[in-house]
Each structure stands twice: as structure tokens, then as C-alpha cells.
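Q: Hi, could you walk me through this structure? I'd like to go through it piece by piece.

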Amino acid sequence: MPVDEIMTEQTIVNQIDAKPVPTLPDAQTVTSVKHWTDYLFSFRVSRPASLRFRSGEFVMIGLLGDPDPKTGKQKPLLRAYSIASPSWDEELEFYSIKVQDGPLTSRLQHIQPGDQIILRPKPVGTLVHDALLPGKRLWLFATGTGFAPFASLLREPETYENFEQVIVTHTTREVAELEYSRSLIEDIQNDEMMHELIGKENLAKIVYYPTTTREQSPKMGRITKLLQDGTVFADLGIDGINVETDRGMVCGSLDFNKDIKEILEGFGLEEGANSDPKHYVVEKAFVG
Ligand code: A2P
């Protein structure tokens, strides 16, 4: 091998060694990570001092992608993630699936406290109180990790100021996938700080209605079917969904969102937006 080639290689190695670790653009530091199942995890990161958001909104987060084979440049690999923590929290929480061959989550699932992620500080979204007309009963309909924005809204005092009852439906394939929502609701209902902030009587407004579709649990079946055949209403002792009193927020797969939308419209509810508040809202960015 020619000497100059060896020297060039050596020089490159030395340069890499000497360089400080590059700081990511819009970097935030991971503070904790919790793995719920082999394919679900949640994590918390530092919050930029300037970031203001409304509970229920989402931001783009991610990591640097692999270096381009030609230029060596690394582009950010970003996805929309609902913020699972409430607007008053000093950190930000996220709830994610792990897809083994997913471009982002195959790597994101390995983050550890102290690592950095990219967070674009531009929150947006439709699952916000501003997009709903006043009502008595709020329905939060989620499948899988679609529960994330509701983890934010359930810790938001405004949710209880606006509604007399908050019904949370969460449908998953297996029982273990319900653990994040189940424990979050149990924890907030038993937490002293949450009692002070929201009020114990307000937290008692939560009605949790978990269902599974592929593993035995106390309530089996898709929430769509259980709404259509009246099981939910019979279980909860209510007449049904009424445009005068009921409001809804929907977050799940595209098919789920479409099916719930049809059911809610069948009860006479209309879809709202930030600029035009109505009876229910659907998260458009969520695809997982
Ligand atoms: P099912 O097991 O009958 O498909 P996934 O893991 O595919 O994202 O689904 C999460 C949960 O949401 C599963 O329990 C799944 O039920 C349910 N689900 C998927 N699509 C719909 C839909 N269109 N309506 C109601 N529930 C749905």
C-alpha cells in the first residue's frame, strides 16, 4: 500500500478521534426510559425552555439518520409523536412502538438516559380542548400507542374543568399493551401532587374502559363493535352518545379513526378543528 494512502487513513482516524461529538440540531437529553413490552416503550426528555404547547399536541422527534454513502452527511430522521406529558410538566414524555426494521424506532428503542434526540419545537395538533364545543361527557378513544395524547390530556386540569365525566377507551391486541394506560390512570388517581393540582373529586371523573381483541381479558372486542351493539352504554349505565352532551377525541390507526368517525357521525356529532370547534376531533398525524 502506498505510504500516502496509509498516512491519509491515519490522518482521518486522528481527526475523528480529536473531534468533539457533534451536537445535534434541536437536541434534547433523554432523562428516563421505560420498556413496557418487547414492542412498547416510553421515555422522557428535557424540555426546551421556550417550548409552549397545548396538552394533546404533537411534535416531530427523531435521530440523525445513517451517513449518506457518498457525502457522509447525516440527515435527521423525524416522525410525528404526540406529547404524552401535560403542558405544565417540566419534561416531555413520549410513548412509542418498537418496530424491529423501522427506520427510526429500530434505533430509538435503544436510547438511554443521557443520550440526545432531536426535537423540533413546533407543536401542532387537533386533539385539543380549543377544537371542542362545551359538553358534559368527554370520550377519549384510543388503540395501541394512540393513547399517548390522552396521557397528556388526562393530566391537564382543563379536561376536568370542561367536563363532568371523562370516559377513556383503550383497545389493544394483548393485555400487556394496556399497562401504560392502566398504570398511568391509577397513578394519577393516587398521586398527592395530582390531587393538589386537579382535585381528587375531579380525577374520580375518569372512567377507564380497556378492551383487548386477541388475548382474554375482562372485556373483549373492538371498541367499535362494543359501541355499535350497545355493550359500552349498558356497561356504563348511559343512554348512548348525544350531540348535546357528548364530545369525543380519537387517536388510533387510520382504519380505527375512520370507523369511530362514522359511529360518532351516526350519533349526529360533527368533526371540529382549531378554527371551528365542534363535537369531536381526530388525530391526523398519527399512523402507528
Ligand atoms: P384487532 O386485533 O381486531 O385487529 P394494531 O395493533 O393492529 O394497531 O391494533 C391495535 C388494536 O386496535 C387491536 O386490538 C385491533 O383489533 C384494534 N383495531 C384495529 N383496527 C380497528 C378498527 N378499524 N376499529 C376498531 N378497532 C381496531
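Q: Which helix does Leu197 lie in?
A: Leu197 lies in helix α6, residues 192-198. Helices here are DSSP runs of H or I with at least four residues, strands are runs of E with at least two, and both are numbered from the N terminus. This is a predicted model, so local features need pLDDT of at least 70 and side-chain atom pairs count only at pLDDT 80 or more, while totals for chains, interfaces and linings use all residues. Residues are numbered from 1 along each chain as its sequence is written, and side-chain values use heavy atoms, with hydrogens and water left out.

Q: Is Leu197 buried, exposed or partly exposed?
A: Leu197 is partly exposed, because its relative accessible area is 36%. Buried means under 20%, exposed over 50%, and partly exposed in between (1.4 Å probe, protein chains only).

Q: Switching to the ligand, what surrounds it?
A: Among the residues around the ligand are Thr143, Arg173, Thr213, Arg214, Phe256 and Asp259, each with a heavy atom within 4 Å of it.

Q: How far is Arg173 from a ligand oxygen?
A: A polar side-chain atom of Arg173 lies 2.8 Å from an oxygen atom of the ligand. For Thr213, a polar side-chain atom lies 2.6 Å from a ligand oxygen. Phe256 uses a backbone N or O atom, 3.4 Å from a ligand nitrogen. Polar contacts are pairs of N or O atoms within 3.5 Å; within protein, one must be able to donate a hydrogen and the other to accept it, and residues adjacent in sequence count only if both atoms are side-chain atoms.

Q: And how much of the ligand does the protein bury?
A: The protein buries 80% of the 550 Å² that the ligand exposes when taken alone.

Q: Okay, salt bridges: how many are there?
A: The whole structure has 16 salt bridges, each a side-chain nitrogen of Lys or Arg within 4 Å of a carboxyl oxygen of Asp or Glu. In one of them, the side chains of Arg120 and Asp26 meet at 2.9 Å, N to O.

Q: Where in the chain do Arg120 and Asp26 sit?
A: Arg120 is in strand β6 (residues 116-124) and Asp26 is in the loop between α1 (3-18) and β1 (27-37), so the pair links distant parts of the chain, 94 residues apart. Arg120 is partly exposed at 24% relative accessible area, and Asp26 is partly exposed at 33%.

Q: What about Lys258, which partner does it have?
A: Lys258 forms a salt bridge with Asp259, with the closest N and O atoms 3.7 Å apart. Elsewhere, salt bridges that share partners join Arg44, Asp89, Glu91, Glu93 and Arg155 into one network.

Q: Last one: is Asn202 buried or exposed?
A: Asn202 counts as buried, because its relative accessibility is 18%. Asn202 is found in helix α7, residues 200-203, and a polar atom of its side chain lies 2.7 Å from the backbone oxygen of Ile198.

Key. Areas by Shrake-Rupley, 256 points an atom, 1.4 Å probe, with all protein chains shown as cover.
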